[in-house]
Amino acid sequence: APQTEAYVAQAPQTEAYVAPAPQTRYNQVEFLGYYFNVGPVLARNMSDSAGIRALANYIDTGGIGAMGSPLDVYDGTGTYIAGHNPGAMSLFANNMEYGSIVTVHDRSGNARQYVATRMVTTPLNNQGDSPNTSKPNAGASALVKSMYGAESLVIQYCIGSTMYLWRLDAM
C-alpha cells in the first residue's frame, strides 16, 4: 500500500546549551580530579606543641588537618596540611612529583592552583613533643618556615618511616 503521510524531520534545536554553573567548594584541595576536605586550623604557630599534638590527633581520626594560616588563596601566606598514608593522603603519596598541580578551594569559595616546587624528607624518629609526633630535621624546618610571607601550601604525609613535605607555590 502506498504511503499517504509524508515524513517530516524534526526542526534543528535553536536554543544554545547552557552548562550548569560549577559547584563552589570550600576548604578543599583537589588533586588529580579528587577533592579532599581540609579540617580546621589547629594552631597558627607552627611551633606550638599543643597545636602539633592536636594536628596529630586530628589526622589519627582519618582527616586532613591544617596549621598556620587558614585556606585563603589571597592572604599572601602559607597553609600546612597533613594526613596519613595509607589513608587520606594516599593519592598524594603515590602521585606527587615536581610540577604537580593542586587546586585549593579556600574558606571563601575562591579557587587557585599551586605547583609543587620543593620537597624534603625527615625521618620519623618519635622524638617530638608527644609519642605521635617527630622532631623535623633542618631541611624540613626550613621548608615549613618558608611558607610564611608567601602564598603557598605545604603538604605532609609519610611513606614508611619517612615524612615527606612538599612546598607548593601559587600560580
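**View 1. Helix α3 against the sheet.** Helix α3 (residues 138–145) lies across β4, β6, β7 and β8, and the helix runs at about 160 degrees to β6. Such angles run from 0 to 180 degrees between N-to-C directions, the axes being lines fitted to C-alpha atoms, for helices over the stretch in contact. The model is a predicted one, in which local features need pLDDT of at least 70 and side-chain atom pairs count only at pLDDT 80 or more, while totals for chains, interfaces and linings use all residues. Residues are numbered from 1 along each chain as its sequence is written, and side-chain values use heavy atoms, with hydrogens and water left out. Helix α1 (residues 49–60) also packs on the sheet, where α1 touches β3 and β4 and makes about 160 degrees with the direction of β3.

View 2. The protein chain has three helices and eight strands, arranged along the sequence in the pattern β-β-α-β-β-α-β-β-α-β-β. Helices (H or I, at least four residues) and strands (E, at least two) are DSSP runs, numbered from the N terminus. Eight strands form an open sheet of mixed pairing, in the order β2-β1-β5-β6-β8-β7-β4-β3, where two strands pair if DSSP finds at least two bridges between them. Because β2 (34–37) and β3 stand at the edges with a single partner strand each, one side of each is left without a neighbour in the sheet. From one strand to the next, the twist averages 30 degrees. Among contacts in the protein chain with a separation of 6 or more, 61% are between residues 24 or more positions apart, contact meaning heavy atoms within 4.5 Å.

**View 3. Strand β2 and the residue Y35.** Strands β1 and β2 pair in the antiparallel sense over four bridges, and the bridge partner of V29 in β2 is F36. Y35 lies in strand β2 and counts as partly exposed, at 38% relative accessibility; by this scale, buried means under 20% relative accessible area, exposed over 50%, and partly exposed in between (1.4 Å probe, protein chains only). Leaving aside neighbours within four places in sequence, Y35 is in contact with R25, Q28, V29, E30 and H105. Between the C-alpha atoms of Y35 and V102, which are 67 residues apart along the chain, the separation is 10.0 Å.

**View 4. Strand β8 between β6 and β7.** Strands β6 and β8 run antiparallel and are joined by nine bridges, with P123 standing opposite T162 in β8. Strands β7 and β8 likewise run antiparallel, joined by eight bridges, and V154 has R167 as its bridge partner in β8. The strands β7 and β8 form a hairpin with two residues between them, and G160 in the turn has a positive phi of about 60 degrees.

**View 5. The nonpolar cores.** A nonpolar core is a set of buried Ala, Val, Leu, Ile, Met, Phe, Trp, Tyr and Cys residues joined through side-chain atoms within 4.5 Å. The largest such core has 23 residues, of which F92, M96, V102, L153 and I155 touch the most other members. At least two residues of this core come from each of β1 (28–31), α2 (90–95), β5 (101–105), β6 (111–123), β7 (152–159) and β8 (162–170), and β7 gives the most, with three residues. Not counting residues up to four places away in sequence, I155 touches I81, M89, F92, M96, V102, Y164, L165, W166 and L168. A second, separate core of 16 residues includes L55, I59, A82 and L143.

**View 6. The salt bridges.** The structure holds two salt bridges, each defined as a side-chain nitrogen of Lys or Arg within 4 Å of a carboxyl oxygen of Asp or Glu. In one, the side chains of R107 and D72 meet at 3.6 Å, N to O; the pair links distant parts of the chain, 35 residues apart, with R107 in the loop between β5 and β6 and D72 in the loop between β3 (65–68) and β4 (78–82). R107 is partly exposed, with a relative accessible area of 47%, whereas D72 is buried, at 18%. R167 forms a salt bridge with D169, in which the closest N and O atoms are 2.7 Å apart, and R167 is buried, with a relative accessible area of 8%.
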